[in-house]
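Q: I have a model open and want to learn how to read it. Where do we start?

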Amino acid sequence: MPHTAHALDTQAQTMVATAASSAPSVLNAQPWSFVTTPALVEVYAEPGSASIPTPSAARDVRLSCGAAVFNIRVALARLGRGARVSVLPDPENPLLVARIEVTGDAPEPDLDALYPWVADRRTNRFPFRDRALPAGVLALLHDAAAREGATLRLLDGEPEYQRILTLIRKATLVEEEPVREDRAARISDGAAPASIPVGNLGPVPRAAGPDVPPVRDLAEGLDLPGRGAAAFEPRPDLAVLETPGDDPAAWTAAGQALQRLLLEATGHGVAASFANQPLEDPDLREDVSSSAAHYGHPQMVLRLGYPRVRPPATPRRPLAEVHRRVEG
């Protein structure tokens, strides 16, 4: 193909793919692959890498891929490149989640500033400090989601806060055994790629029953040495990420919104974990949105706060396994 000033060389393509593969994904499944050329990047879904088929599995894959799309945009901005994103560009290939064309336009403002947090972001299942997030930080995170067409609904009042807490606890109790077994099979000592290391699980919540905190214990019922138990913050900041639509394009948009707000949060010293249990059950997911504060379709439930512990990075699939570079 003809050389252009904004074309990506081999090193730049590797940088972009590395950023993409650093995105968060449901259960660290990393259900994606990337094809790069000097002129574009394509993101493909790999449903076989995700969890066993559940009502939320297809949504989880697109959300994860959407987060990777956003990281690609950030990496391109760091390289001084513009990006033109087409979501689901080929009706004949539903696994092609997005095509990102590299342009010579000026990068989108503010994206370059997020690049340092791509590798620094962590899902944090450890106790947070007992300190509410300032209104200004919450407003910044709300704005980050809004810039990607989503709404971050902050659960800052009653009875809505307790209502969502109840749904989280109810969903945990009714979770089916095959789902727990699939999740348990993903827990490792940290060496296996696309796994959940024991060191990232966090401690077992010391409270139980109606007082259990809204932090998801991915190893519930498993006796794993070294985890210990701990008291969690009594009232973490909770929020629901919602989108106007509820189809694969909306799920991809939700993933981009999620990653933008997570990178903003990381830059401001704020950590997050997820309490998506009620979103994995169709009936309970409907209950999450059935309130006067309903802005759209719930895609993620976030627990936000200032961390006490910075967990290690989760293992990534080898780049050679997820990235293919072609000439044109």
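A: With contacts: two residues are in contact if heavy atoms lie within 4.5 Å. This is a predicted model. Among contacts in the protein chain between residues at least 6 apart in sequence, 79% join residues at least 24 apart.

Q: How many helices and strands does the protein chain have?

A: The protein chain has 9 helices and 13 strands. Its radius of gyration is 19 Å, close to the 20 Å from the globule rule for 328 residues, so the chain is as compact as a globular protein of that length. The C-alpha atoms fill a box of roughly 65 × 40 × 40 Å along the principal axes.

Q: What share of the residues is buried?

A: Buried means under 20% relative accessible area. By that cut-off, 52% of the 328 residues count as buried.

Q: Which residues form the aromatic pair?

A: Rings pair if their centres lie within 6.5 Å. The structure holds 1 such pair. Trp32 and Phe34 form it, tilted, 6.0 Å centre to centre with 35° between the planes. Trp32 is buried at 0% relative accessible area, and Phe34 is buried at 1%.

Q: Which rings have a charged end of Arg over them?

A: Arg131 places its charged end over the ring of Tyr306, 4.2 Å from the centre. The charged end of Arg303 sits over the ring of Phe128, 3.6 Å from the centre.

Definitions and conventions:
Residues are numbered from 1 along each chain as its sequence is written. This is a predicted model: local features need pLDDT of at least 70, side-chain atom pairs count only at pLDDT 80 or more; totals for chains, interfaces and linings use all residues. Side-chain values use heavy atoms; hydrogens and water are left out. Rings of Phe, Tyr and Trp (its six-membered ring) pair if their centres lie within 6.5 Å; planes under 30 degrees apart count as stacked, over 60 as edge-to-face and the rest as tilted. Buried means under 20% relative accessible area, exposed over 50%, partly exposed in between (1.4 Å probe, protein chains only). A charge sits over a ring if NZ of Lys or CZ of Arg is within 6 Å of the ring centre and within 35 degrees of the ring normal. Helices (H or I, at least four residues) and strands (E, at least two) are DSSP runs, numbered from the N terminus. The radius of gyration is taken over C-alpha atoms; the globule rule is 2.2 Å times the number of residues to the power 0.38.
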